[in-house]
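Please look over the model shown here before reading on. The notes below take its parts in turn, starting with how they meet.

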Amino acid sequence: MLVPERVIDTRRGEVLRDRAVVVEGDRIAGLIGAADVPEGPRRIDLAGLTLLPGLSDAHAHLVGLEDDGQGYAGLVTRSGAQEALAGVRNARTTLAAGFTTVRDIGTFRAFVDVALRDAIEAGWVEGPRMLCAGAYVTCPGGGGDITGLAPDVDAVVPRELRFGVASGVDQVRATVRQILRYGADFIKVIATGAVLTSGTNPGLPEFTEAELRAAVEECELAGTFVAAHAHGAEGIKRAVRAGVRSIEHGSLMDDEAIELMAERGTYLVADMFDGDWILEQGPRLGYADEVIRKTVLTNDAQREGFRRCVKAGVRIAFGTDAGVYPHGMNARNLAYHVRYGQTPMEAIRAATFVNAELFGWSDRIGAVETGLLADLIAVPGDPSEDVTLLEDVPFVMKGGVVVKDERPKEDRP
Ligand SMILES: [Zn+2]
């Protein structure tokens with residue numbers, strides 16, 4: 001039994017007082033009056049703390065993207081085994097930061113994310129629950145490909161580093177089917193150029209609407225969805241019309257794109273903290289001038305677009321591009337949601353309840369409610385007044401097991 005000062009009701013956006021949360025096995029068994037909780041060894045006192053659902057990140061890269069500014073060099077100087085083990089470290093760090101679920105949204109080295117997900121599920125290593133993309137579905141030379149190589153080197157890049165490269169409706173269809181068959185939970189398509197991929201232009205579309213629709217149709221057959229990386233307005237609109245579930249980044253949107261997203265119920269996942277990270281740390285990390293230039297191009301525009309999406313009633317989810325910055329700092333993005341138009345409670349809902357809807361996991365996570373998984377965190381103070389309190393989470397429970405308890409000693413029985 002957890003007895004906090006406050007509980008955040010993420011469904012209604014309310015702060016509840018005098019409630020205790022009963023945990024049985026890996027689930028929440030109910031909420032009862034705090035006064036009704038008996039003393040005893042099964043009582044965890046969280047005096048002064050606010051309890052809320054474990055946070056989730058809809059856009060993380062636990063495998064493969066490292067904040068080293070070295071671009072593709074890492075792909076040829078690290079083995080798949082090394083990437084997997086770095087993923088183990090990243091998973092542990094992410095969970096300790098209070099993120100009990102991540103939607104892992106692409107790795108160049110295909111299916112290492114799936115292996116990590118399965119290892120966490122089997123209890124071999126500690127980490128958040130994961131939904132995995134398996135690979136990037138991208139056009140040849142696109143934002144999810146390995147670009148800029150000499151033609152003779154280009155010809156011998158191992159298939160696992162280019163598993164999702166596809167061109168034309170039929171190839172996209174076949175590739176999506178195969179990625180799902182190898183264990184991905186959903187599909188990530190690269191609908192426009194990317195900031196971090198050399199030679200690609202974030203403003204320009206890279207798939208036709210028909211190609212994007214083929215990916216969506218295959219996912220629907222498999223009972224899942226497409227997340228679309230899209231910066232430029234035309235790429236966003238093609239993806240939304242094709243029926244993708246979420247737009248990732250959404251940096252250079254126009255009014256028509258925003259209207260379409262609001263109308264279709266497409267989620268926006270806007271990583272805003274990492275742009276500042278690249279601009280601040282880029283010189284130290286040795287990022288190429290091209291990356292810095294494209295970050296400047298997209299950074300402020302993305303924030304303005306986010307603000308307009310909030311006003312227009314677009315569904316706002318929460319994702320951070322973890323891996324571009326060091327894992328564990330995911331909650332830093334919450335303050336950006338608040339700075340650009342959401343209330344603190346709306347930002348918390350984005351990172352819990354709304355993300356659960358986006359993942360199709362509302363029956364598992366995202367709220368402190370009977371029957372859901374006991375993925376719970378607690379922080380001192382009231383994060384519905386100050387979301388930065390979530391940047392340092394001392395108490396984390398996943399599936400009914402306390403995985404972190406760094407409350408000050410005097411708070412403990
Ligand atoms: Zn990303």
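**Notes on the predicted model**

1. In this predicted model, 24 residues of domain 1 are in contact with 23 residues of domain 2. On the side of domain 1 that touches domain 2, the elements giving two or more residues are β5 (44–53), β16 (395–398) and β17 (401–405). By class, that side of domain 1 has 11 nonpolar, six polar and seven charged residues.

2. The domain assignment gives domain 1 as 2–54 + 366–411 and domain 2 as 55–359. Their C-alpha centres lie 30 Å apart.

3. The largest nonpolar core holds 125 residues, of which Ile187, Ala215 and Val226 touch the most other members. Helix α12 (residues 344–359) supplies the largest share of this core, 10 residues. The core lies between domain 1 and domain 2, because both give residues to it.

4. What does Ile187 touch, leaving aside residues up to four places away in sequence? The list is Ala133, Val137, Val176, Ile179, Ala215, Cys219 and Val226.

5. Overall, the protein has 12 helices and 17 strands. Buried residues make up 53% of the 413 residues. Among contacts with a separation of 6 or more, 72% are between residues 24 or more positions apart.

6. The C-alpha atoms fill a box of roughly 70 × 45 × 45 Å along the principal axes.

Notes
Residues numbered from 1 in each chain as written. Predicted model: local features only at pLDDT ≥ 70, side-chain atom pairs only at ≥ 80, totals over all residues. Helix = DSSP H or I, 4+ residues; strand = E, 2+ residues; numbered from the N terminus. Buried ≥ 20, exposed ≤ 12 C-beta atoms within 10 Å, placed from the backbone. Contact = placed C-beta atoms within 7 Å. Core = buried A, V, L, I, M, F, W, Y, C linked by C-beta atoms within 7 Å. Domains from an automatic or database assignment. Nonpolar A, V, L, I, M, F, W, Y, C, P; charged D, E, K, R; others polar.
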